[in-house]
Amino acid sequence: ISFEKYFMGILIISFIGIYVYINETRLFIITIWLVLLSPKLAEINGIFAYIPYALYILLIIKIFEKKFIAKEKIFINKYLGFTTLGLLLINAVSLIYNNYDTNIILLTFTFLKKFSYIIFYIFFTNMNVEKKYININMKLILVYSLIQFPLIIFQFISNTNRDNISGLFGKSGTGILIQIFLYILVLIIVNKENFIKIKNFQFVFVSLLLMYSALAEVKIGFILIPLIYLMTIFLKKGSFRTILAILIIGLLISVSYKSFIEFYPDQNLFGSSEEFVDYAKNAYGVDSVNRFGFMNLLKSTVLTNKFKIYFGTGLGTTNPSNINVLAGAVAIEYDYLNLHFFTLPLNIVENGIIGTIMWISIYIYILAKNVYMYFKKRTDKSIINIMSIIITVIFIIYNSSIISSSIIILILWLILVVNNGIDD
């Protein structure tokens, strides 16, 4: 009986996969919404956490079908393609050189996880999907972000753990949610004619974001929300609007931060400069990696020779998991370091300094290209791309979302491709 159930489950999943796969527009839409919903679905059954990986495989198959069966020309930005190949090569050589125990399941899983950005980029760039479906789903993502607010309020009044006050974005999803909100904020400011036409809605949205920061104890929100807002306004409107916005945002911050201190009186991050520095360097203790000051700790533990310092430990070695077959050797041995908390230490351990520089250079390349386009043509698309990369770079320091969250990777690369952020 168990074999029959197992077989039927495989059969049903296969039929669903084929149904989604055969229509490219359907594959595009299903990919977006299953990735967005996967954290909440995973709370119902943990197996749903792996939905994005099944979708990555479908996207790869679709790309190969278009290239080798349909004989379509697949466009890949040369810098993005060669840098990704170089990063993959470093990871493979490092894994062989360091001789860590691994397995094909872990390698496949971590390849899909680590290089999902290039999968999304190639699919979105070369997909045959009508523009109206892309625009509709971009607007629906805005609607999806807005419906989080009543859920957030309900979670707060229900005494949900503040790290889990994240709407439909799952447990410990506050960092992911605030990052998505910031991407949406940029779109609302720059592209309001096509996105939302309610007058002064951007101020309403900023107020909601500050309220969320206060309710869920997202301290970084009080810094990033005004910073991203004012930078975007300056690029879009010029200095006069920026001065006016400073006055309004200053008032909103004052009100929301007072509420934050009332909710969490022991979390006054801005009480003194010492508290702020301690938050950045020692929030998780001296025996764990933090946002800054982690290199000496890494060199005294996992990065035991120059090869590891420059080229890392190899693909999959740092992957954290409660499933033995998916747990990397370094993640197991150095579990107490909490490498998976932050992007930079995790990247430096697995890719080395050279691999990390290569990976970061992808985002620097996109930023430089769009800064050039901004000064040349001053387009709205270039503003959206510039601000999206700035948000991403900030969160590379703040958490591990850009390498661990399928949602963040999908939203970012969808925005970049739709706004021609990589390819003119």
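**Helix α21 and its partners**

Reply: α19 passes α21 in a left-handed crossing, meaning the near helix is turned anticlockwise from the far one by less than a right angle (clockwise would be right-handed). Before going on: this is a predicted model, where local features need pLDDT of at least 70 and side-chain atom pairs count only at pLDDT 80 or more, while totals for chains, interfaces and linings use all residues. Numbering runs from 1 along each chain as its sequence is written, and side-chain values use heavy atoms, with hydrogens and water left out.

Helices here are DSSP runs (H or I, at least four residues), numbered from the N terminus. α19 covers residues 380–398 and α21 covers 406–418; they pack at about 155 degrees, with axes 9 Å apart. Therefore α19 is roughly antiparallel to α21, a label for angles over 145 degrees. The axes are lines fitted to C-alpha atoms over the stretch in contact, with angles from 0 to 180 degrees between N-to-C directions.

Who touches whom? From α19, Lys381, Ile384, Asn385, Ser388, Ile389 and Thr392 meet Leu412, Ile415, Leu416 and Val418 of α21, contact being heavy atoms within 4.5 Å. That contact has 6 nonpolar, 3 polar and 1 charged residues (nonpolar: Ala, Val, Leu, Ile, Met, Phe, Trp, Tyr, Cys and Pro; charged: Asp, Glu, Lys and Arg; polar: the others, Gly among them).

Trp413 deserves a stop of its own. Leaving aside residues up to four places away in sequence, Trp413 touches Leu80, Tyr117, Phe120, Tyr121, Phe124, Ile362, Tyr363, Ile366 and Ile422. In the largest nonpolar core, which has 123 residues, Trp413 and Tyr212 touch the most other members. Such a core is a set of buried (under 20% relative accessible area) Ala, Val, Leu, Ile, Met, Phe, Trp, Tyr and Cys residues joined through side-chain atoms within 4.5 Å. The biggest contribution to this core, 14 residues, comes from helix α9 (residues 174–190).

Arg378 has a positive phi of about 55 degrees, although it is not a glycine. Most residues other than glycine have a negative phi.

Note on methods. Helices (H or I, at least four residues) and strands (E, at least two) are DSSP runs, numbered from the N terminus. Angles under 35 degrees count as roughly parallel, over 145 as roughly antiparallel, 65 to 115 as roughly perpendicular and the rest as oblique. Buried means under 20% relative accessible area, exposed over 50%, partly exposed in between (1.4 Å probe, protein chains only).
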